[in-house]
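Work through the following exercises with the sequence and the model at hand, and try each task before reading its solution.

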Amino acid sequence: MNEPRPSLESFEDGLAEVIDLPSAGQGPLTELGRLQQLDSLAGKVALVTGAGATDGIGFAIATRLRLAGATVAIVSTTKRIHERAGEIDAVGFVADLTDEAEVGGLADAVVDAVGEVDILINNAGLTSKSDPAVVKPVAQLSYEDWRAELSRNLDTAFLVSRAFVQPMAERGWGRIVNVAATAGVVNAVPAEAAYAAAKAGVTGLTKALATEVVADGVTVNAIAPGLVRTGSSTVPELQQGLDGPMGRPGTPEEVAAAAVFFCAPSASYVTGQTLVVDGGRSLRV
């Protein structure tokens, strides 16, 4: 026999426990203060990787997480991360996230400094002027070049996620957001096969990990930025942004808004998804 369906009241009470929604009689959700509480990250600890550039996506996400009330730790490969940390009242760490041992050391250091991590943003891997992407046709791409792109863009997300996901699952709450790209997810360009393959791998990792922790209160999602104006943007990239549907490239802050959406307590029913943030460019054939 089919079991009786739960009543609407019991369902609402259970939902309130999950995302702190008010039960019946506690006031309308449309009240501004209540909505702010629903999306507040006060009391949560967030780690953002690849946040060393003032005009980069990682730093924009870290800034928005701080504004939402989270305690934030940020990491990059250079000491400039300490300057960024000082600008937003965060804690900075220097680590090579392609190195398994350094990721393990980072995990211990972050927990000692700010506590157990509730929110992880895997942004490390995006290119910079000092560390540009490998741009070569597949026929000219060395195995070393191929491995370097996969290590920087895919291995980092795997190693850092592995270091932090189990404690999240044990505590029954967590958010992991991986930064992929439209390349490899919805499109590709010549001479960037390694980058596209790595970013497509990030979305595959996102889906697989989401299935593993879906019953543990941990969500795993990805964002796929298109052409975004950062310090590492090239002139041709910016020109492509101007030629897009919106007539401009995106901003790091617009990408950050999408990433932090996934982190909110009210986004608890969304997992295993990739949100494209490209100003509609992928709609064009």
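**Exercise 1: The chain as a whole**

Of the 285 residues in the protein chain, 43% count as buried, where buried means under 20% relative accessible area with a 1.4 Å probe, protein chains only. This is a predicted model, in which local features need pLDDT of at least 70 and side-chain atom pairs count only at pLDDT 80 or more, while totals for chains, interfaces and linings use all residues. Residues are numbered from 1 along each chain as its sequence is written, and side-chain values use heavy atoms, with hydrogens and water left out.

Task: State how many helices and strands the protein chain has.

Solution: The secondary structure comes to 9 helices and 7 strands, taken as DSSP runs (H or I, at least four residues, for helices; E, at least two, for strands) numbered from the N terminus.

**Exercise 2: Two packed helices**

Task: Describe how H3 and H9 pack, beginning with the angle and the distance between their axes.

Solution: Begin with helix H3 (residues 57-67) and helix H9 (residues 252-263), which pack at an angle of about 50° with their axes 8 Å apart. H3 and H9 are therefore oblique to each other, because angles under 35 degrees count as roughly parallel, over 145 as roughly antiparallel, 65 to 115 as roughly perpendicular and the rest as oblique. Next, turn to the residues in contact (heavy atoms within 4.5 Å): H3 contributes Ile57, Ala60, Ile61, Arg64 and Leu65, while the residues from H9 include Pro252, Glu253 and Cys263. Finally, sorted by class, this contact of H3 with H9 has 11 nonpolar, no polar and 2 charged residues, where Ala, Val, Leu, Ile, Met, Phe, Trp, Tyr, Cys and Pro count as nonpolar, Asp, Glu, Lys and Arg as charged, and the others, Gly among them, as polar.

Definitions and conventions
Buried < 20%, exposed > 50% of the residue type's maximum accessible area, 1.4 Å probe, protein only. Axes fitted to C-alpha atoms, helices over the stretch in contact; angles between N-to-C directions.
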